[in-house]
Amino acid sequence: AESLRRAGYATAAFVANPWVRGEHGFAQGFDEFDVDTSQYTEGELKRPGTELVERMRHWLARQSASQPVFVYLHF
């Protein structure tokens with residue numbers, strides 16, 4: 001993500017894994033790092049894949065058509 005951002009890409013990650021979190025360094029290089037920790041239950045993140053896709057689509061809709069994008073989805 002860092003290399004792509006330096007190359008002019010808009011970068012975003014949408015995550016449903018409780019271990020892939022910003023405080024563990026996974027957000028490095030992303031303009032947008034979307035993980036909803038309020039949905040944690042007993043060490044698991046209960047976030048449906050459809051929610052990840054919808055949030056990604058919403059983010060993509062806000063991006064410039066002239067800028068390349070890199071999106072990381074972790075279901």
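Tutor: We start with the ground rules, then go from the overall layout to single residues.

Tutor: This is a predicted model, where local features need pLDDT of at least 70, side-chain atom pairs count only at pLDDT 80 or more, and totals for chains, interfaces and linings use all residues. Residues are numbered from 1 along each chain as its sequence is written, and side-chain values use heavy atoms, with hydrogens and water left out.

Student: How many helices and strands does the protein chain have?

Tutor: Two helices and five strands. Helices (H or I, at least four residues) and strands (E, at least two) are DSSP runs, numbered from the N terminus. Along the sequence the pattern reads α-β-β-β-β-α-β.

Student: What share of the residues is buried?

Tutor: Of the 75 residues in the protein chain, 25% count as buried. Buried means under 20% relative accessible area, exposed means over 50%, and partly exposed is in between (1.4 Å probe, protein chains only).

Student: And what percentage of contacts join residues at least 24 apart?

Tutor: 51%, among contacts between residues at least 6 apart in sequence. Contact means heavy atoms within 4.5 Å.

Student: Which residues make up the largest nonpolar core?

Tutor: Seven residues: A10, A12, F14, A16, L52, M56 and W59. A nonpolar core is a set of buried Ala, Val, Leu, Ile, Met, Phe, Trp, Tyr and Cys residues joined through side-chain atoms within 4.5 Å.

Student: What does M56 touch?

Tutor: Leaving out residues up to four places away in sequence, M56 touches F14, V71 and L73.

Student: Stay on α2. Which of its residues are buried?

Tutor: L52, M56 and W59. They cover an arc of only 60° around the axis, so they sit on the same side of α2. That arc is taken over the directions from the helix axis to the C-beta atoms.

Student: What do the buried residues of α2 pack against?

Tutor: They pack against β1, β2 and β5. The face turned away from the buried side carries the exposed residues T50, R57, H58 and A61.

Student: New topic. How many aromatic pairs are there?

Tutor: Four. Rings of Phe, Tyr and Trp (its six-membered ring) pair if their centres lie within 6.5 Å; planes under 30 degrees apart count as stacked, over 60 as edge-to-face and the rest as tilted. One of the pairs is F14 with W59, which is edge-to-face, at 6.3 Å centre to centre and 65° between the planes. F14 lies in strand β1 and W59 in helix α2, so this pair ties together parts 45 residues apart in sequence.

Student: F14 and W59: buried or exposed?

Tutor: F14 is buried, at 1% relative accessible area. W59 is buried too, at 4%.

Tutor: Another pair is F30 with F70, which is stacked, at 6.2 Å centre to centre and 20° between the planes. F30 is in the loop between β1 and β2, while F70 is in strand β5, 40 residues apart. F30 counts as buried at 13% relative accessibility, but F70 counts as partly exposed at 26%.

Student: Which residues do ring pairs link into a cluster?

Tutor: F30, F33, F70 and Y72.

Student: Where does F33 lie?

Tutor: In strand β2 (residues 32-34). Leaving aside neighbours within four places in sequence, F33 is in contact with A13, V15, V20, R21, G22, F26 and A27. F33 and V15 are 18 residues apart in sequence and 7.9 Å apart in space, C-alpha to C-alpha.

Student: And T11, buried or exposed?

Tutor: T11 is buried, at 0% relative accessibility. T11 lies in strand β1. Among the residues that T11 touches, beyond four places away in sequence, are F30, W59 and F70.

Student: Last one. Where does Q63 lie?

Tutor: In the loop between α2 and β5 (69-74). Q63 is partly exposed, with a relative accessible area of 22%. Not counting residues up to four places away in sequence, Q63 touches A10 and V69. Q63 and A10 are 53 residues apart in sequence and 7.7 Å apart in space, C-alpha to C-alpha.
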